[in-house]
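I opened a new entry today. I wanted to follow strand pairing first, then the core.

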Amino acid sequence: MSRSRSHTNSLFHCLSGAYALSSPGAPNRLGDVLHRLMYRVVALGGGRIQARLLRRMFDLHHREPDRWSYETSSYDRERFTAVLRGIGPGPYERVLEVGCSEGVFTRALASDDRVGAVTAADVSLRALETARRRCEGLSNVSFVSGSVVNEAPPGPFDLIICSDMLYYVGGRRAAVARELVKRLAPGGILVLEHVHPESGRLHASFIHSAGLEVLERTVVRHSIRPFEVLALRRPA
Ligand SMILES: C[S@@+](CC[C@H](N)C(=O)[O-])C[C@H]1O[C@@H](n2cnc3c(N)ncnc32)[C@H](O)[C@@H]1O
């Protein structure tokens, strides 16, 4: 291994320790601050460098399956149920899930009667490998790799879901908002879900973006960590 590669790996091992301090199941103020700061730094490199760093970091994170315990966590089950409630009546022919991770929510989404073809995107190739296996047998799901900052699938989409993800784009949220809004079909719905009250800051660029209208905003006061589901619509 080259010296620079081994330095990068050591750095990522240190940085990924911030996950231990900050995860939805373990709220911790200092952990949150360090975690968000780390991703602000990663975003300084520009879209392509950011994408490469994020891929390395999340591949490292996903070296063991289900590091976030999505399969077993009742907190995440409630989150996923709230997001599915937040998408409204549909139907949605073309759906994009941004930051699909290992596909636990993707499976539920693609099995929903309101949903047609799902494109599930993630920056981590390892997460996508697991997601593909998890969704085997579902013919309406396809997976794409790339960072939503500069490699989001072209669309248009009738529904876009971005849940528990915006922390990782650092200071590039406004760019992500622009890219996702461009990919929404007229009348399309964008659903965001993040921890509350930080969600106010994370969702602000979307609320003020390109004339999207707020359809519904729900704060779930979960005992582990409150979260907000925000549904926005692009006017037809
Ligand atoms: C905490 S998981 C959230 C998974 C799922 N959306 C949920 O709500 O549980 C965040 C996922 O976002 C992915 N991710 C982080 N930055 C990304 C980016 N810039 N573009 C696409 N995916 C990204 C990570 O690889 C990870 O799998």
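I began at E97, which stands opposite I161 in strand β4. The model is predicted: local features need pLDDT of at least 70, side-chain atom pairs count only at pLDDT 80 or more, and totals for chains, interfaces and linings use all residues. Residues are numbered from 1 along each chain as its sequence is written.

I looked up the strands next. β1 and β4 (residues 157-163) pair in the parallel sense over four bridges; pairing needs at least two DSSP bridges. β1 also runs parallel to β2 (residues 115-122), with six bridges joining them. There, R94 stands opposite A117 in β2. From β1 the chain passes through helix α5 (residues 104-110) to β2, and this β-α-β crossover is right-handed (clockwise from first strand over helix to second, with the strands pointing away from the viewer). Helices (H or I, at least four residues) and strands (E, at least two) are DSSP runs, numbered from the N terminus. I noted eight helices and seven strands in the protein.

Is β1 covered or open? I found β1 (residues 92-98) mostly covered, with five of its seven residues buried. Buried means 20 or more other C-beta atoms within 10 Å of the residue's own, with C-beta atoms placed from the backbone.

Then I checked the core. The largest nonpolar core has 60 residues, and I160, L190 and V191 have the most contacts inside it. Such a core joins buried Ala, Val, Leu, Ile, Met, Phe, Trp, Tyr and Cys residues through C-beta atoms within 7 Å.

Note on methods
Buried ≥ 20, exposed ≤ 12 C-beta atoms within 10 Å, placed from the backbone.
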